[in-house]
Amino acid sequence: MILGIVAECHFDCNFHISVKIVSKFFGLPQGKQKNLFASFDSKFRKFRFKSTFGNNPFMYPASIQQLINLLHRFPGVGPRTAERYVFHLLQYHDQDLIELATSIARLKNDLHQCKNCYNFANHELCIICSNPQRDTTILCLVADARDLVAIERTGHYQGVYFILGGTLDPLHGITPDKLHIQELLSRLNNPHLRPSEIILGLNPNIEGETTTLYLKQILKNFPIRMTRLARGLPTGSDLEYADADTVSAALAGRREVNGNY
Ligand SMILES: [Zn+2]
C-alpha cells in the first residue's frame, strides 16, 4: 500500500491538474521511498492524460472556478496565478472580502474624464487641470493616465497634460480616429487654451514613434514649440550592456556638461 500526503491541488481552466506532493511515505526506508514516489508519479501522469480529455473527476465548486476564470483575464495573470489569488482570498475574513468587492463595484462610480485633458477625475476637471499653480503654457502629450502618473512622480513637471488615449497601431486597428486627436486639435485651435510648448511624452517604441511622427506632421503649422522626452541610458545602467539603439540615442541626445549634470 502506498500512502502519500498531498499538500494542495492546482487546476487550470483546461482541467490539467498538477499536484504538489509532500513526499512522505511512512514506515519505509529511504531508498524505497524514492521507488514508491516514482510509481506514484507515473500514475499521476496517466491521470493527467485522462484529465486533458475531460475525464477530470476533480472540479472546484462553481464559485471558485468562476473567480479563477475572472482573474485569469487580468493582464499578466495566468491560470495558476489566478488560482493562487483565489486561494489567498479564501483566507480573508468576510469583512475584508466585502470591502474588496465593494471597492471594485464602486470603482467607476463618480469617475469621469477631465474635460480638458481626459485624465481620470471625480469632478469636471482633474486634480491637475483644477490646480491654478500649474503652468498651462506647457502641455505634455501622453498615451494614458499611467504615463501621466509616471511623470508626476518625478515632481519636476509643473505643466499640464493631454491624454491621447493610446498610441497609433494601425495593424491592430488603432487609427487616429480612435485617439483624442480631434479634441487635441480643438484645444490647440483655441488661443486661450493653446500652449507655447508641447512635450511629446510617448514611449520610445514603434507605436510611440509612429504617433510622434504623426503628431509632428499635423501640428507643424501651429505656432508651438515641440519637444520630446530625451532618449538614452537609464540611470544606474552599464554602458557596456546597453544595446546599440540606446547608445545611439544617448549620443544623439548628448548635452552640455553644466553644474547640475
Ligand atoms: Zn485634466
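## First stop: Asn203

Select Asn203: leaving aside neighbours within four places in sequence, Asn203 is in contact with Ala143 and Gly208, where contact means that the C-beta atoms, placed from the backbone, lie within 7 Å. Asn203 is found in the loop between E7 and helix H7 (206-219). Helices (H or I, at least four residues) and strands (E, at least two) are DSSP runs, numbered from the N terminus. Is Asn203 buried or partly exposed? Asn203 is partly exposed, because 15 other C-beta atoms lie within 10 Å. The cut-offs are 20 or more other C-beta atoms within 10 Å for buried, 12 or fewer for exposed, and in between for partly exposed, with C-beta atoms placed from the backbone.

## Before you go on: the whole model

A word on the ground rules: residues are numbered from 1 along each chain as its sequence is written. This is a predicted model, in which local features need pLDDT of at least 70 and side-chain atom pairs count only at pLDDT 80 or more, while totals for chains, interfaces and linings use all residues.

Colour by pLDDT, the predictor's confidence in each residue, from 0 to 100. The protein averages 81, and 76% of the residues score at least 70. Where is confidence lowest and where is it highest? Strand E2 (residues 17-22) is lowest with a mean of 41, and E6 is highest at 97. Over residues 9-26 the pLDDT is below 50, and this stretch has 42 contacts in the model beyond near neighbours in sequence. Residues 31-57 also stay under 50, with 22 contacts beyond four places in sequence.

Zoom out and you will find eight helices and eight strands. Of the 261 residues in the protein, 14% are buried.

## Second stop: the parallel sheet

Show E5, E6, E7 and E8 as a cartoon. These four strands form an open sheet in the order E6-E5-E7-E8, with parallel pairing; two strands pair if DSSP finds at least two bridges between them. At the edges are strand E6 (159-163) and strand E8 (225-228), each pairing on one side only. Direction ignored, neighbouring strands of this sheet are turned by 25 degrees against each other on average, with axes being lines fitted to C-alpha atoms, and angles running from 0 to 180 degrees between N-to-C directions.

Walk across the sheet pair by pair:

- Strand E5 (residues 135-142) is joined to E6 by five bridges. Select Asp135 and its bridge partner in E6, Gly159, then Val142, which stands opposite Ile163 in E6.
- E5 and E7 pair over four bridges. Select Leu141 to find its bridge partner Leu200 in E7.
- Strand E7 (residues 197-200) and E8 pair over four bridges. Here Glu197 stands opposite Arg225 in E8.

Select Cys140, whose place is in strand E5. Cys140 is buried, because 23 other C-beta atoms lie within 10 Å. Beyond four places in sequence, its contacts are Ile151, Tyr157, Gly159, Tyr161, Ile199 and Gly201.

Go to E6, where four of the five residues are buried. Select Phe162: not counting residues up to four places away in sequence, Phe162 touches Cys117, Leu139, Leu141, Leu184 and Arg187.

Which residues touch the most other members of the largest nonpolar core? In this core of 23 residues they are Cys117, Leu141, Val142, Tyr161, Phe162 and Ile163. A nonpolar core is a set of buried Ala, Val, Leu, Ile, Met, Phe, Trp, Tyr and Cys residues joined through C-beta atoms within 7 Å. E5, E6 and E7 each supply at least two residues of this core.

## Last stop: Tyr118

Select Tyr118 in the loop between strand E3 (112-113) and strand E4 (120-121). Its phi is near 70 degrees, a positive value in a residue other than glycine. Tyr118 is buried, with 23 other C-beta atoms within 10 Å.

Conventions:
Two residues are in contact if their C-beta atoms, placed from the backbone, lie within 7 Å.
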